[in-house]
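Here is a short briefing for a reader who is new to this structure. Please look over the sequence and the fold before reading on.

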Amino acid sequence: MTRSGVAKSIVFLVTAALLLLAGGGESRAGQGAHALALYGTPKYPPDFKHFDYVNPDAPKGGLLRLYQLGGFDTLNPFSGIGHPPLARGATARPIDLIGLTFDSLLARSEDEPASAYGLIAESFEWDRANRWLVFNLRPEARFHDGSAITADDVLFSFETLRNSGPPGLKASLQGVTRGEKLADRKVRFIFGPGETRALPLVLGSLPILSKSWWQGRDFTRPLAEPPLGSGPYAVQSVDPGRSVVLVRAQDYWAKDLPVATGLYNFDRIRTDFFADSPAAFSAFKNGAYDVRFEWESRKWATGYVFPALTRGLVNKLNIPNRRTEPMRGFAFNLRNPLWRDPRTRRALILAFDFESLNHDLFYGLYRRAGSYFAKSELAAPELPSDEETLLLEAFRGQVPDELFAKPYSLPDNADHAQRQRNLAEAAHLLSEAGWTMKKGKLVDGQGGKPFVFEILVDDPSWQPICKDFLSALHHLGIQASVHAVEEAEFSRRRAQAEFDMIVARWPASETPGTEQRTLWGSAAADQPDGLNWAGIRSPAIDRTIDALAASPDRQTLVTRTHALDRLLLWGDYVIPQWYMPEDHVAVWDKFGIPAVTPDQGAEVLAWWVAPEKSKPAAKDPVKARP
C-alpha cells in the first residue's frame with residue numbers, strides 16, 4: 001500500500017470520471033428516460049426498487065471506522081490541489097469521504113460496465129445526433145441546509161469544475177460547448193463537434209455544488225470548513241490531519257430512491273489517518289478501525305496472526321470480483337534514448353522473472369498482467385479476429401509483423417533452464433541493439449557509454465521486490481538501481497518525466513473511450529498532468545483510440561479495444577507486473593454483508609452493523625492513535 005498524496009488524489013478523482021465515460025445508448029433520441037447506458041438497454045427497468053447487490057432491509061445505525069495513510073490539508077476534494085481526505089485502502093475503490101456529502105445528477109450502478117440512473121435528475125432528454133442533453137431535476141432535491149438544488153447550481157458546478165477542477169476532469173468536459181438554464185429545474189448542455197458519446201455520463205457524474213455557498217469563496221484554495229453538500233452524509237467533525245467523522249443525514253432527501261435503498265446504512269463513518277503502513281496495521285490488530293483491504297501478499301499470507309483473529313473477532317475474506325484489472329508495471333521513459341530500440345526493451349522484459357518472485361515473495365497470490373485490460377472481455381485474444389485484422393491492416397509496416405501472425409507472450413520462467421534461455425535471448429537482443437560487453441559491463445558499441453539506469457519508486461518495499469531483477473540485469477552487464485523517494489517527489493519527477501524507469505499503475509475502464517488518449521495518446525506524452533508517463537507516441541495507437549471512441553456498439557468497442565491492447569503489448573512500453581484475482585479483506589466481525597457482490601468488488605457502503613454480532617471487543621476496541 002503506497003502513501004497518499006496530491007497526484008494520487010487527483011488520479012482517483014480523474015479515474016472516477018473515466019469509469020463513467022459513456023454515452024446516451026444506442027437509442028440516440030429520448031424523453032423522460034430513467035437511465036443512461038453506453039450501449040443497449042440498462043439492466044434495471046424504470047420501476048426497479050434497488051440494486052441487486054444491496055439488502056433493502058438492512059438496519060441503519062452504528063459506526064464504520066476506516067483508515068488512510070498520510071494526512072490532508074483541504075476539505076474540497078474537487079479542486080485538484082492539496083491533500084483532500086480520501087479513505088485510501090479502505091475499499092477496492094477508495095471511499096471518497098467528502099464526496100459522500102455531495103450528490104450528482106446520476107448514480108452509477110456497480111454491476112454494469114457503464115450505466116447510471118437518475119439521482120438529482122429524475123429524467124433526461126437528448127437528440128438523435130447526441131448534440132444536446134437536457135436534465136430534468138427532481139423538485140425534492142435539497143442541500144443539507146434545506147435549500148433546493150436548481151439549474152443555477154448545476155450550471156455553476158459545471159463551469160467551476162471545467163475551469164478549476166482536476167486536470168483530467170477539465171479535459172473530459174471540453175467537448176461541452178455551453179450549458180443553459182431552461183427553467184428552475186431544467187438545464188440543457190450543448191455539445192461541440194467530434195465524438196460526444198462520453199459526455200452524458202461525464203456530466204451526470206459531476207458533484208453538484210451550492211452556488212450560493214461558494215459565493216465569496218475561492219474554489220482553488222485549500223478549504224478548512226466543510227462545504228455545503230446534498231449527499232447521504234455530512235461532515236460532523238474534523239481533527240486536522242488526524243481524523244474526519246461523517247454523520248448520516250437523517251433527513252437525506254434521496255434516502256427512498258432506488259439508487260440509495262440499502263446503501264449508506266452507517267450512522268457515522270470515521271476515518272483516522274496514520275503516518276505509515278506499519279502503524280496502520282498495528283492499529284487494525286488492536287481494533288482501531290474495522291475494514292482493511294490488503295494488497296501486500298506477504299502480509300496477507302503470514303502477517304494476520306494476532307489474538308483477535310484467533311478468537312474469531314476478525315475474519316479474513318477472499319472476495320471475488322469481475323472488474324477489469326489495470327495495467328501496472330515498470331514503465332520505460334521512451335523520451336530517454338536508452339529505450340528507443342524496442343529490442344533493448346524486450347531484453348529487459350525477458351530478464352524479469354515473475355514466476356520466481358510470485359513463488360518466493362508473493363506466496364503465489366498474484367497473476368501476471370498479460371493485458372492492459374486483464375480479466376475482461378476487452379483483453380486481446382491470442383490472435384486477431386478478421387474484424388480486428390481489418391482495422392490493424394492500416395498500420396502494417398508501422399507495427400511488428402508478428403502482431404498479425406502470433407500471440408504476444410511474456411517470458412515463462414517455469415524452471416532454471418527456461419530462465420537461462422530467457423537471459424540468453426535477452427543478451428542476444430542487446431547485442432543486436434548495439435550493446436557490447438567490456439570487462440563485465442555492457443556499453444554502447446559506438447560511444448562506449450555504459451548501460452546504467454535507475455528505477456524510481458515511491459516506497460522502500462520495492463527494494464526486496466526488485467532484488468532478483470537487478471541481479472539478472474547485472475548478469476547481463478547492466479548497472480541498475482532502485483531509488484525510493486517520498487510521494488511528493490515521486491509525483492513531481494513523474495510529471496516532469498525526470499526518470500529512467502518508474503513503477504506505474506494506470507486506471508482501468510470497463511468502457512474505454514476518449515480517456516485512452518490521456519493514457520496512451522501522443523498528445524499526452526508531454527503533458528505534466530497527463531497519464532502517458534511512458535511517453536508513447538504512436539500514430540497507430542492514436543488512430544485506434546479515435547476509432548475506439550467512435551464505436552457504434554459494444555461488439556465494435558470490444559474489437560477495437562482488442563486492437564489497442566495488442567498495439568500496446570507489442571510496443572513493449574512496459575514490463576508488466578501483476579494483479580490479485582480477488583480482493584483480500586480483513587474485517588472485524590461486526591457487519592452484515594449482502595449475498596451478492598457487484599462486478600466491481602466489495603461495496604462497503606452496502607454493509608451494515610449487525611446487532612447479532614455485537615461483541616465487546618468490536619464495540620470498545622483499544623484505540624491506537626496515528
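The points below go from the whole chain to its sheets, helices and single residues.

This is a predicted model: local features need pLDDT of at least 70, side-chain atom pairs count only at pLDDT 80 or more, and totals for chains, interfaces and linings use all residues. Residues are numbered from 1 along each chain as its sequence is written, and side-chain values use heavy atoms, with hydrogens and water left out.

**The whole chain**

- The protein chain has 19 helices and 26 strands. Helices (H or I, at least four residues) and strands (E, at least two) are DSSP runs, numbered from the N terminus.
- Of the 626 residues in the protein chain, 58% are buried. Buried means under 20% relative accessible area, exposed means over 50%, and partly exposed is in between (1.4 Å probe, protein chains only).
- The protein chain exposes about 24500 Å², and carbon and sulfur atoms supply 51% of that area. Accessible areas come from the Shrake-Rupley method with a 1.4 Å probe; for residues, only the protein chains shown count as cover.
- Take the contacts between residues at least 6 apart in sequence: 73% of them join residues at least 24 apart. Contact means heavy atoms within 4.5 Å.

**The five-stranded sheet**

- Five strands form an open sheet in the order β20-β19-β21-β15-β22, with mixed pairing. Two strands pair if DSSP finds at least two bridges between them.
- The edge strands are β20 (479–484) and β22 (574–576), and each pairs on one side only.
- On average, neighbouring strands of this sheet are turned by 30 degrees against each other, direction ignored. Axes are lines fitted to C-alpha atoms, for helices over the stretch in contact, and angles run from 0 to 180 degrees between N-to-C directions.
- Strand β15 (residues 328–332) pairs with β22 in the antiparallel sense, over three bridges. Here alanine 331 stands opposite valine 574 of β22.
- Strands of a sheet pair through backbone hydrogen bonds, either parallel or antiparallel.

**Helices across this sheet**

- Helix α14 (residues 462–475) lies across β15, β19 (452–457), β20, β21 (501–505) and β22. It runs at about 170 degrees to β20.
- Helix α15 (residues 487–495) lies across β19, β20 and β21. It runs at about 125 degrees to β19.
- The buried residues of α15 include Glu487, Phe490, Ser491, Arg493 and Arg494.

**Strands β2, β4 and β5**

- Strand β2 (residues 35–37) and strand β5 (residues 115–118) pair in the antiparallel sense over three bridges. Leucine 36 has alanine 116 of β5 as its bridge partner.
- Strand β4 (residues 106–108) also pairs with β5 in the antiparallel sense, over three bridges. Leucine 106 stands opposite glycine 118 in β5.
- β4 and β5 form a hairpin, with six residues between them.

**A helix pair**

- Helix α9 (residues 342–351) packs against helix α13 (residues 416–432) at an angle of about 165 degrees, with their axes 8 Å apart.
- That makes α9 roughly antiparallel to α13. Angles under 35 degrees count as roughly parallel, over 145 as roughly antiparallel, 65 to 115 as roughly perpendicular and the rest as oblique.
- Residues making the contact include Arg343, Ala347 and Leu350 of α9, and Asn422, Ala426 and Leu429 of α13.

- Most residues other than glycine have a negative phi, and most peptide bonds are trans.
- Tyrosine 264 has a positive phi of about 55 degrees although it is not a glycine. Its place is in the loop between β11 (243–248) and β12 (268–274).
- Lysine 439 also has a positive phi, near 55 degrees. Lysine 439 lies in the loop between β17 (435–438) and β18 (441–444), and is exposed, with a relative accessible area of 87%.
- Leaving aside neighbours within four places in sequence, threonine 160 is in contact with Gly165, Leu209 and Phe219.
- Glycine 448 sits in the loop between β18 and β19. At 37% relative accessibility, glycine 448 counts as partly exposed. The C-alpha atoms of glycine 448 and tryptophan 435 are separated by 8.9 Å, and these residues are 13 apart along the chain.
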